[in-house]
Amino acid sequence: MRQMDLTNAGAFSGANLENARDHNRRVTIETLRVHGPLSRADVARITGLSVQTTSNIAEELIGASLLLEKPVSSLRGKPPKILSINPDGAYSIGLQLDHNWLIGVLLDLAGVRRGEIMVPVDSPNPQSGLAALEEAARQLVADAHVQFEQICGVSVVMPGPFEVDSLASDGPTILPGWADVAVADRLAERLNLPVSVENDATAAAMGEHYFGVARRHRNVVVIFVGTGLGGGILINGQPYRGAFRNAGEIGHLTVYPDGRRCYCGNQGCAETYLSVHAAYEHLGYEKTPPTYDELLHRLHTGERQFDTWMDKAAAVLRLLVVNLENMFDPETVVVNGFMPYPVLAELERRALPLPPSISSRQRRETPRVILGAAGLEVAALGAAVLPLFYSFGHLTPVSAAMPLKT
Ligand SMILES: [Zn+2]
């Protein structure tokens with residue numbers, strides 16, 4: 001994979017040059033993350049950057065304590081120096097708040113999980129939810145024995161969409177009462193750290209890209225089956241967020257124009273068929289219970305009502321996959337979320353065979369649909385990656401708080 005050495009491309013304005021440096025820093029760190037420790041010359045060879053540019057970036061990143069450079073023993077001559085990511089150069093926190101669980105993860109700069117936390121909640125309102133988020137972040141930092149100042153950012157993921165008038169009321173899949181709450185600002189005040197808020201499905205896509213089944217893929221769509229239904233879109237290894245962070249709200253794609261009424265005001269939205277909420281609604285529950293064991297139990301006993309729901313949900317999954325393929329031309333579509341894994345696996349099985357799309361090719365390395373592998377904490381993991389990911393482009397010394405792109 002050769003990257004363009006943008007700093008040598010000429011005819012750049014000041015702002016573009018800064019963008020080029022951001023890009024080159026990110027490429028350098030990413031190369032060391034993927035390939036492990038390398039010499040400056042090897043980094044230059046792999047990235048396609050010039051040796052001079054690589055050296056400048058390496059000096060800068062070493063100065064910011066984000067990279068380490070150590071001589072390795074050699075039999076003769078001057079020992080070569082090897083660059084590596086400094087795991088303790090920075091940390092980040094990802095927190096996922098849903099109807100039933102608060103899941104938190106603390107990552108170091110090398111992307112290694114240094115702590116995790118899972119707390120049951122019950123459709124938290126802003127007051128109890130913000131307090132729980134703050135406490136989880138403080139607990140993670142205390143348990144990992146790191147300094148608060150070393151946290152480069154906190155990313156909170158919640159079920160979207162955000163700031164949409166028709167969808168901001170009390171939909172069954174949206175957390176009640178949060179529509180007008182500036183979550184990032186309020187939590188940033190409590191923690192005195194940069195905080196951003198992300199859509200849970202976007203974070204789930206990053207989670208699969210860094211820790212799950214999409215590690216080798218740079219263009220992926222993730223179908224996230226949570227209480228509602230979301231889509232995470234990864235384009236060239238970067239999350240596509242849209243103009244207002246709501247891209248991928250596939251739960252409200254119309255799959256049957258005359259279908260079930262949705263709280264968004266339309267009919268036949270995908271999430272009224274394919275979501276944890278839809279499953280329980282089909283089974284006659286008024287409120288989604290806090291445990292998903294019930295779904296697993298119904299799957300194993302082969303109950304007829306559940307079986308009918310599975311067929312409907314799988315039909316919607318099939319439609320979604322084909323439409324998303326035709327729209328994004330991804331390497332693969334990943335299905336993950338809060339649904340028990342065996343239920344997701346059965347939905348995938350019933351969704352096959354898929355109708356033709358632009359992704360129908362005989363010689364494929366990866367199947368058109370695969371199940372996620374990053375587990376229940378996939379969105380929290382992906383969220384934790386985001387502050388590190390965005391920080392690389394806005395590098396300041398680690399002792400100072402790194403601004404997040406929000
Ligand atoms: Zn809808």
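His 145 sits in the loop between H4 and strand S6 (151-158). Helices (H or I, at least four residues) and strands (E, at least two) are DSSP runs, numbered from the N terminus. This is a predicted model, in which local features need pLDDT of at least 70, side-chain atom pairs count only at pLDDT 80 or more, and totals for chains, interfaces and linings use all residues. Residues are numbered from 1 along each chain as its sequence is written, and side-chain values use heavy atoms, with hydrogens and water left out.

**Exercise 1. Examine the backbone at His 145 and at Pro 353.**

Step 1. Phi of His 145 is near 55°, a positive value in a residue other than glycine.
Step 2. Leu 352 and Pro 353 are joined by a cis peptide bond, with omega about -5°.
Step 3. Pro 353 belongs to the loop between helix H10 (341-351) and strand S12 (369-371).
Step 4. Most residues other than glycine have a negative phi, and most peptide bonds are trans.

**Exercise 2. Describe the packing of H4 on H5.**

Step 1. Helix H4 (residues 126-143) packs on helix H5 (residues 183-191) at about 45°, and their axes are 10 Å apart. Axes are lines fitted to C-alpha atoms, for helices over the stretch in contact; angles run from 0 to 180 degrees between N-to-C directions.
Step 2. H4 is therefore oblique to H5. Angles under 35 degrees count as roughly parallel, over 145 as roughly antiparallel, 65 to 115 as roughly perpendicular and the rest as oblique.
Step 3. From H4, the contact takes in Gln 127, Leu 130, Ala 131, Leu 133, Glu 134, Ala 137 and Arg 138; from H5, Val 183, Arg 186, Leu 187, Arg 190 and Leu 191. Contact means heavy atoms within 4.5 Å.
Step 4. Sorted by class, the contact of H4 with H5 has 7 nonpolar, 1 polar and 4 charged residues. Ala, Val, Leu, Ile, Met, Phe, Trp, Tyr, Cys and Pro count as nonpolar, Asp, Glu, Lys and Arg as charged, and the others, Gly among them, as polar.

**Exercise 3. Describe the packing of H2 on H3.**

Step 1. Helix H2 (residues 40-47) and helix H3 (residues 51-63) pack at about 120°, with axes 9 Å apart.
Step 2. H2 is therefore oblique to H3.
Step 3. Arg 40, Val 43 and Ala 44 of H2 touch Val 51, Thr 54, Ser 55, Ala 58, Glu 59 and Ile 62 of H3.
Step 4. The contact of H2 with H3 has 5 nonpolar, 2 polar and 2 charged residues.

**Exercise 4. Describe how H8 meets H9.**

Step 1. The axes of helix H8 (residues 293-301) and helix H9 (residues 304-328) cross at roughly 100° and come within 8 Å.
Step 2. H8 and H9 are therefore roughly perpendicular to each other.
Step 3. Leu 295, Arg 298 and Leu 299 in H8 meet Gln 305, Phe 306 and Met 310 in H9.
Step 4. The contact of H8 with H9 has 4 nonpolar, 1 polar and 1 charged residues.
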